[in-house]
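Take a look at the model below. This report walks through its contacts, one part at a time.

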2 protein chains.
Amino acid sequence: MAAATDLDRTDFAILHLLAKDAWLSNKQIAASVGLAASSCHERIKSLRARGVLLGAHAEVNLEAIGLALEAVLFVQLGKLEIGVVDDFVSTTATLPEVRSVFLVSGRSDLIVAVAVRDMQHLKAIISEHFNRHDVVLRVETSVVFDSRQQHAIPAP
Amino acid sequence: MAAATDLDRTDFAILHLLAKDAWLSNKQIAASVGLAASSCHERIKSLRARGVLLGAHAEVNLEAIGLALEAVLFVQLGKLEIGVVDDFVSTTATLPEVRSVFLVSGRSDLIVAVAVRDMQHLKAIISEHFNRHDVVLRVETSVVFDSRQQHAIPAP
DNA sequence: ATTGAAAGACCTTGGCG
DNA sequence: CGCCAAGGTCTTTCAAT
């Protein structure tokens, strides 16, 4: 899926701008990269069609919607039967409190970032979702003091 | 920052829609939440002004831009002098390969998600950035097999 | 707060360098 | 590939409720 794509410097510039601010107008982007509006529009359409641009998502202030606490869960799973693990990952990824899920090598099998109202809420999720499933051997919890996301595309 | 905000069901609906797809037009959102275009526009403007909506970011297919490998780094830092740690976190967060940084409690002090071209690139970042700084005691690396992000706002 | 209407800006397509 | 131009659509403001 999505391979044969040679992107030139202009494509990267467009991707970079949109990754930083997906609400830029086509006109603004065109001006920034030195293209006519129609040419820029064509490129963006093409980037979408080729699966390079996957979509855009608004960033919401979690505190403002009552999610004042972030945590990272390190989950160890039992002997993996592929289907069971995949199911657990899928249902985990769709919990409203869950922000991201990583299936990884190493000490833990799953790394789950969550945003919750408070400690009680965190405890509830761990005991009601994670500790309830047989696949889960152990959950280690880290509280997030601070977090930053990078919204930039490395230059070609 | 950003506290005194009571959001009603309509606000949450708008946030939910924009978190899923920031490229929805105002007109489409208005129709979905059952408001006139002008009212919806006003609400979105207000959500932005109040710092509830922080912005929007395009999602780029990392593989398509040559970043075929994702990894998570667990970093242990030495006795923390606040200024030094903050500086290290800041410069780490702006490395082009870095996607997110979490400052956490527990076994590790820093959790860093990176996207890189290949193993050599991963090795280079770890040895040239992390292992070169005195603050860093140890880095443990996990390769990401699969990852998912949730773009949904929990209902009020 | 919400609305409809109006003006202007923008997107989007098609034909041509 | 990129540009211009034109038509259609959307955003954005404002007076009124």
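## Around DNA strand D

DNA strand D is surrounded by residues from two protein chains: Leu35(A), Ala36(A), Ser38(A), Ser39(A) and Arg43(A), along with Ser25(B), Asn26(B), Lys27(B), Ser38(B), His41(B) and Lys45(B). Keep in mind that this is a predicted model.

Which elements supply this surface? H3 of chain A, helix H2 (26-33) of chain B and H3 of chain B each supply at least two residues of the surface near DNA strand D. By class, that surface has 2 nonpolar, 6 polar and 3 charged residues.

Now turn to the DNA side. Of the atoms of DNA strand D within 4 Å of the protein, 72% belong to sugar or phosphate. The rest belong to bases.

Some phosphate contacts can be named. A phosphate oxygen of DNA strand D lies 2.8 Å from a backbone N or O atom of Ala36(A).

## Around DNA strand C

Both protein chains also surround DNA strand C. Chain A brings Ser25(A), Asn26(A), Lys27(A), Ser38(A), His41(A) and Lys45(A). Chain B brings Leu35(B), Ala36(B), Ser38(B), Ser39(B) and Arg43(B).

Helix H2 (26-33) and helix H3 (37-49) of chain A each supply at least two residues of the surface near DNA strand C, and so does helix H3 (37-49) of chain B. How many residues of each class are there? The surface near DNA strand C has 2 nonpolar, 6 polar and 3 charged residues.

Of the atoms of DNA strand C within 4 Å of the protein, 71% belong to sugar or phosphate, and bases make up the rest.

| Residue | Distance to a phosphate oxygen of DNA strand C |
|---|---|
| Lys27(A) | 2.6 Å |
| His41(A) | 2.8 Å |
| Arg43(B) | 2.6 Å |

## Where the two protein chains meet

Next comes the contact between the protein chains. Here 61 residues of chain B are in contact with 60 residues of chain A. The area buried between chain B and chain A is about 5,600 Å². Carbon and sulfur atoms give 57% of that area. Which residues of chain B lose the most area to chain A? They are Trp23(B), His57(B) and Arg148(B), which together account for 14% of what that side buries.

Polar links join the chains too. There are 39 residue pairs in polar contact between chain B and chain A, counting pairs with both residues at pLDDT 80 or more. On the side of chain B that touches chain A, at least two residues each come from helix H1 (9-20), strand E1 (53-60), strand E2 (69-77), helix H4 (82-94), strand E3 (98-104) and strand E5 (136-149). E5(B) gives the most, with 9 residues. By class, this side has 35 nonpolar, 15 polar and 11 charged residues.

## Strands across the chains

E5(B) also pairs with a strand of chain A. Strand E3 (residues 98-104) of chain A and E5(B) run antiparallel and are joined by 5 bridges. In this pair, Ser100(A) stands opposite Gln149(B).

E5(A) and E3(B) run antiparallel as well, joined by 5 bridges. Here the bridge partner of Asp146(A) is Leu103(B).

Within chain A, strand E2 (residues 69-77) and strand E5 (residues 136-149) pair in the antiparallel sense over 7 bridges. Gln76(A) stands opposite Arg138(A) in E5(A).

## Salt bridges

Side chains of opposite charge can pair when their charged atoms come close. The structure holds 12 salt bridges over all chains, and 2 salt bridges are counted between chain B and chain A. Glu140(A) and Arg107(B) meet in a salt bridge, with 2.8 Å from N to O.

Another salt bridge lies within chain A. Arg43(A) pairs with Asp8(A), the closest N and O atoms being 3.0 Å apart. Arg43(A) lies in helix H3 of chain A and Asp8(A) in the segment before helix H1 (9-20) of chain A, so this pair ties together parts that are 35 residues apart in sequence.

Methods: Residues numbered from 1 in each chain as written. Chains lettered and ligands numbered in written order. Predicted model: local features only at pLDDT ≥ 70, side-chain atom pairs only at ≥ 80, totals over all residues. Heavy atoms only, no water. Near = heavy atom within 4 Å. Polar contact = N/O pair within 3.5 Å; in protein donor to acceptor, adjacent residues only side chain to side chain. Helix = DSSP H or I, 4+ residues; strand = E, 2+ residues; numbered from the N terminus. Nonpolar A, V, L, I, M, F, W, Y, C, P; charged D, E, K, R; others polar. Contact = heavy atoms within 4.5 Å. Buried area = accessible area lost by both parts, 1.4 Å probe. Salt bridge = Lys/Arg side-chain N within 4 Å of Asp/Glu carboxyl O. Pairing = 2+ DSSP bridges.
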